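Visitor: I'd like to go through this one with you before I set anything up. Could you put it on the screen?

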Amino acid sequence: MPVDVEKAKQALVAERASLVHQLSELGAGETGDLNIDLDFGENFADAAAVTAERTEVLGVVESLKNQVEDIDKAMAQIELGKYGYCVDCGREISADRLEIRPMSIRCIDCKNKLSV
């Protein structure tokens, strides 16, 4: 089944906008740079809780930033006319994989090699 590139592009644009909105709500820009100081107040009783909260927010921001980067890479593949083909081995990425995760730029085999 061939990949509908236009449909994938629309999904990527919508997902990117959602991620950027989420970053904005956390006080971060598209690149994950925080626009605010994470200050939980002078009277916050438990410093460990402040640290944990800050670490959690930073972790979420990092995850969202990485997803935006993945989408940007997939969009670049679309512009190059190479969307749907693995950037490492050149094989076609399954349509099922792209439907579930349209920002995929690697086939399952190459992705798994990176995870090891």
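Visitor: Which residues touch the most other members of the largest nonpolar core?
Guide: This is a predicted model, and in it the largest nonpolar core has 21 residues, of which Leu12, Leu23, Ile71, Ala74 and Tyr83 touch the most other members.

Visitor: And which helix gives the largest share of this core?
Guide: That is α2, which supplies eight residues, while α1 (5-25) and α2 each contribute at least two.

Visitor: What does Leu12 touch, leaving out residues up to four places away in sequence?
Guide: With those neighbours set aside, Leu12 is in contact with Ile71, Ala74, Met75, Ile78, Tyr83, Pro102 and Met103, and of these Ile71, Ala74 and Tyr83 are also among the residues that touch the most other core members.

Visitor: Switching to Lys65, is that one buried or exposed?
Guide: Lys65, which lies in helix α2 (residues 47-80), counts as buried because its relative accessible area is 16%, and the cut-off for buried is under 20%.

Visitor: So what does Lys65 touch?
Guide: Not counting residues up to four places away in sequence, Lys65 touches Leu23, Glu30, Thr31 and Gly32.

Visitor: Zooming out, how many helices and strands does the protein have?
Guide: There are four helices and zero strands, which gives the pattern α-α-α-α when read along the sequence.

Visitor: What about burial and surface for the protein?
Guide: Buried residues account for 28% of the 116 residues, and the accessible surface comes to about 7600 Å², with 51% of that belonging to carbon and sulfur atoms.

Definitions and conventions:
Residues numbered from 1 in each chain as written. Predicted model: local features only at pLDDT ≥ 70, side-chain atom pairs only at ≥ 80, totals over all residues. Heavy atoms only, no water. Buried < 20%, exposed > 50% of the residue type's maximum accessible area, 1.4 Å probe, protein only. Contact = heavy atoms within 4.5 Å. Core = buried A, V, L, I, M, F, W, Y, C linked by side-chain atoms within 4.5 Å. Areas by Shrake-Rupley, 256 points an atom, 1.4 Å probe, with all protein chains shown as cover.
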